[in-house]
Amino acid sequence: MNFKILLGCALVCVANVVMASDLMIKDAWIRAMPPVSKVTGGFLTIHNHSSKDISLIAASVDFSDRVEIHEHAHVDGMMKMREVEGGIVVPANGMVELKPGGYHLMMMDVEKIPAEGEIVQVEMEFSNGETMTANFPVKKGAAKSEMKHHGEHDHHSDKHDMSDHKHH
Ligand SMILES: [Cu+2]
């Protein structure tokens, strides 16, 4: 009977909407690394629209079997990376930012590092039992003024067809 199918769908759809509204992921990206690199980092902002704290407890990708949740912390005057015990808490009605120099997802033992411009899917597990998959574009870090245009100009114009520059 069609009725049963419709009812089942309605229940599932409503449940999905309620769960998905609690968490929102923004500004996700993966750091582009040299092809020989065995590690890279993932960054994002997680918003929690519920009235309960929810923790990000695990993440997985298809290019690494070992994704750890890390933080940078000052330990005895040294900047160190360490695994975050119990995951990263996204406070109720608040948000948490994973960014360079702070919390990050660390992909270890990478066989083939994703190239700049690719979009990779990251699956994330939360303490409320929710799982979310988000698209993370691969790009260079957000560091400013990395472009060095001092000194000589490169002459890459050998292939220019001068007929493109006719004056009318
Ligand atoms: Cu790390």
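A nonpolar core is a set of buried Ala, Val, Leu, Ile, Met, Phe, Trp, Tyr and Cys residues joined through C-beta atoms within 7 Å. A residue is buried if 20 or more other C-beta atoms, placed from the backbone, lie within 10 Å of its own. The model is predicted: local features need pLDDT of at least 70 and side-chain atom pairs count only at pLDDT 80 or more, while totals for chains, interfaces and linings use all residues. Residues are numbered from 1 along each chain as its sequence is written.

Reader: How many residues does the largest nonpolar core have?

Author: Those with the most contacts inside this core are L56, A59, L105, V122 and F136. Elements giving two or more residues to the core include β3 (54-60) and β8 (104-108). The number of residues in the largest nonpolar core is 24.

Reader: Which elements does the protein chain have?

Author: Helices (H or I, at least four residues) and strands (E, at least two) are DSSP runs, numbered from the N terminus. From that terminus on, the order is α-β-β-β-β-β-β-β-β-β-β. The chain therefore has, by these definitions, 1 helix and 10 strands.

Reader: In which sense do β1 and β10 pair?

Author: Two strands pair if DSSP finds at least two bridges between them. Strand β10 covers residues 131-139, and its K139 stands opposite R31. Over 2 bridges, the sense of pairing between β1 and β10 is parallel.

Reader: Which residue in the turn between β9 and β10 has a positive phi?

Author: β9 and β10 run antiparallel, joined by 7 bridges, and M124 has M132 in β10 as its bridge partner. The two strands form a hairpin with 4 residues between them. The residue in the turn with a positive phi, of about 90°, is G129.

Note on methods. A residue is buried if 20 or more other C-beta atoms lie within 10 Å of its own, exposed if 12 or fewer, and partly exposed in between; C-beta atoms are placed from the backbone.
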